[in-house]
Amino acid sequence: MNIMLVGAGAVTAGLVQKLIEQGHTIAAMLGQLTPSQLEIHNYSGVVVVSPETTTSTETLTKAAELGKLIYVIAGASDSVSGWAATTRVPTFAYPPSQTDVDNLLTELRRGDAGTARTDDQYRRVVLGGDVAARITSNMIARKIAVTSPKGGVGKTTIAVNLALLYALSGYSTFLIDADGNGGTMSYLTKLDGVINKYRSSVIHLLRRNVPTPAWSQNVMVAAGGAYFDAFTPITSLPTLKVLPGLIEVNDLADPSMGNEQKVNEVMSGLYDAGVSSNGIVIMDVGINPSHPIHRAALRNAEVISIVATPEASDLGAVTKWVENLIAALRTTSSKEAAMQFVWQRVKLCYNKVDGKEFKSTHNLLLRTLESRGLNLQLVANGVLPYTDRKLARIAINSDRIEDNLVWRYKRERCEEIGDFTEALIDYAAQFAPNIRESAAAAGVVPGAVPQRKKSMFNFGKN
């Protein structure tokens, strides 16, 4: 493990050789760790000898936000010791006995091997124990497919920022590019074009068989582990894991996508791998519900989020999309069952809204659906405002995932992104009711329990 060793005293100096002997690397040895130093060095763990430094717990919290593992050596009456006990950060006595040093080295080996859960530490340190304990209570949906009737409506932007919102707020989040026509999710997650950045992809999973388990292994457990291991963790946000979709142009016509049973098995397995890890799974799904990958992603979802803009041109596209979805579902069920599936799962999210004009558009959509014999009474579950186009372009063109809208709002409090973030939290709360409390605790939105401000985007649900 690359270690940031913080302290200036005899114990700190004595640890250097012991850490090196165990194969660890000292990325830096600092008398005091400050916020400005957190992103300068290349390290994955911080060892703090508390009596030999004045490093604050606020700085250590920021390190945990960046996905760094924290280890504390502190005296019983040390204030850092109390903080570590509250957040359950691994803590060892000062001055450490040989047993304490051995226990520290054991914890470091666990962290280096990946068996220490950085996402758990993120929740405990960043949110606090009480909020972390409540975070997944009352969950309404964990399998969310985000799709749209046509391109250009911001589907992938919504999928990525929804995943970032959940992850920044402490939820274990799994983001998947499930666009069988070749999606753009990798651009926004900054994995595009760099093969060695990700562990696997949807197309790789479709081409291979899940490894055969040993005789003592449960088949379902082994399969779930294979799907879980396919996800690539985002090192700067330990609660987020991503899975790209199709990688090369030739993947679009790959014969593996013609195996309906295999496609459904993979999509279902990916959803289940995230949920079994007590997480939320978000699939960025293409615009054609009859595509094998899209159909499987939608069929296995608990929520289908349709992203549309409040424009007349979108009405026909949404209507046709719903008709195509029902037709695709009817290949394995009745029209009544397909209609029930859509009514129960589809959540409509209007994007790029300016004022309240979406209401008349939405009512026209309902009348259009009814005229086609589809009396679904869809609700405007989400209403997201326009965002500054310059900031949106930066999010796409930047090489930093942190420049996506929600993360940038957390970091810089850009007023131009405030309404968007608030509206996205409202939408996310329909699936995870505790999101506002955890988002506030994580500093995604200001204030302990932010007060809802009045704006032109407040509206009554119909």
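User: How many aromatic pairs does a search of the whole structure find?

Analyst: Ground rules: this is a predicted model in which local features need pLDDT of at least 70 and side-chain atom pairs count only at pLDDT 80 or more, while totals for chains, interfaces and linings use all residues. Residues are numbered from 1 along each chain as its sequence is written, and side-chain values use heavy atoms, leaving out hydrogens and water. Rings of Phe, Tyr and Trp (its six-membered ring) pair if their centres lie within 6.5 Å. Searching the whole structure that way, the number of aromatic pairs is four.

User: What kind of pair do the rings of Tyr166 and Tyr171 make?

Analyst: Planes under 30 degrees apart count as stacked, over 60 as edge-to-face and the rest as tilted. Here the ring centres are 5.5 Å apart and the planes sit at 70°, so Tyr166 and Tyr171 are edge-to-face.

User: Is Tyr166 buried or exposed?

Analyst: Buried means under 20% relative accessible area, exposed over 50%, and partly exposed in between (1.4 Å probe, protein chains only). Tyr171 has 2% and counts as buried. Tyr166 comes in at 0%, so it is buried.

User: Which residues touch the most other members of the largest nonpolar core?

Analyst: A nonpolar core is a set of buried Ala, Val, Leu, Ile, Met, Phe, Trp, Tyr and Cys residues joined through side-chain atoms within 4.5 Å. The largest one has 58 residues, and those touching the most other members are Tyr166, Leu237, Leu240 and Ile282.

User: And which helix gives the most to this core?

Analyst: Helices (H or I, at least four residues) and strands (E, at least two) are DSSP runs, numbered from the N terminus. With ten residues from the stretch 155–168, the top contributor is helix α7.

User: How many residues are in the other core?

Analyst: It lies apart from the largest one, and Val202, Leu246, Phe358 and Leu376 are among its members. Its residue count is 55.

User: Which residues of α17 does α7 meet?

Analyst: Contact means heavy atoms within 4.5 Å. From α7, the residues involved are Thr157, Asn161, Leu164, Leu165 and Leu168. Their partners in α17 are Leu405, Val406, Trp407 and Lys410.

User: How many residues of helix α5 are buried?

Analyst: Helix α5 spans residues 118–127 and is largely enclosed by the rest of the structure. Its cover includes α2 (57–65), β4 (69–74), α3 (79–87), α6 (129–134), α7 and α19 (435–441). Among the buried residues are Asp119, Arg123 and Arg124.

User: How far apart in space are Ile287 and Arg124?

Analyst: Ile287 is in the loop between β10 (280–285) and α12 (292–299), and its contacts include Pro149, His294 and Trp321. In sequence, Ile287 and Arg124 are 163 residues apart. In space, C-alpha to C-alpha, the separation is 38 Å.

User: Which ring does the charged end of Arg413 sit over?

Analyst: A charge sits over a ring if NZ of Lys or CZ of Arg is within 6 Å of the ring centre and within 35 degrees of the ring normal. Arg413 lies in the loop between α17 and α18 (415–428) and has a positive phi of about 55° although it isn't a glycine. Its charged end is 5.1 Å from the centre of the ring of Tyr409.

User: What is the phi of Arg88?

Analyst: Most residues other than glycine have a negative phi. Arg88 sits in the loop between α3 and β5 and is exposed at 60% relative accessible area. Its phi is positive, near 60°.

User: Is the peptide bond from Tyr94 to Pro95 cis or trans?

Analyst: Pro95 is in the loop between β5 (91–93) and α4 (98–113). Omega for the bond from Tyr94 is near -10°, and the bond is cis.

Definitions and conventions
Lists of a residue's contacts leave out its neighbours within four places in sequence.
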